[in-house]
Amino acid sequence: MANKVEPVAIQARGMKCPWPALRATRAMRETDAIVIEADDPIAGAELEALARHNGWDFAALGQDRYRLARRTGPAQPREL
């Protein structure tokens, strides 16, 4: 489904949740991968839950940096 592309950079520093997750969701409508910087203490957990819910890969890249990407294999069933 997704090609190897450079992730789009998203800046969400200084934003309180749920804004980082909302920005990530909006960006993922247009691309297959993003790297988002978000310094809200719960942003990592919210972004991970968002990725899990949508069947995307999630990785913490260090302090306040996260990567979300569409999976390249067969579609994964989504839990409801």
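Mentor: Just after helix 2, Gly55 has a positive phi of about 75°; helices (H or I, at least four residues) and strands (E, at least two) are DSSP runs, numbered from the N terminus. This is a predicted model, in which local features need pLDDT of at least 70, side-chain atom pairs count only at pLDDT 80 or more, and totals for chains, interfaces and linings use all residues. Residues are numbered from 1 along each chain as its sequence is written, and side-chain values use heavy atoms, with hydrogens and water left out.

Trainee: Which residues of helix 2 are buried?

Mentor: They are Ala43, Gly44, Leu47, Leu50 and Ala51, where buried means under 20% relative accessible area, exposed over 50% and partly exposed in between (1.4 Å probe, protein chains only). Down the axis of helix 2, these buried residues fall within an arc of 125°, so they line one face of the helix; the arc is that of the directions from the helix axis to the C-beta atoms.

Trainee: And what does the face turned away from the buried side carry?

Mentor: That face of helix 2 carries the exposed residues Ala45 and Arg52.

Trainee: What covers the buried residues, then?

Mentor: The cover includes helix 1 (19-28), strand 2 (33-37), strand 3 (56-62) and strand 4 (65-70). Contact means heavy atoms within 4.5 Å.

Trainee: New topic: which residues make the contact of helix 1 and helix 2?

Mentor: Pro20, Ala21, Ala24 and Thr25 of helix 1 meet Glu46, Leu47 and Leu50 of helix 2.
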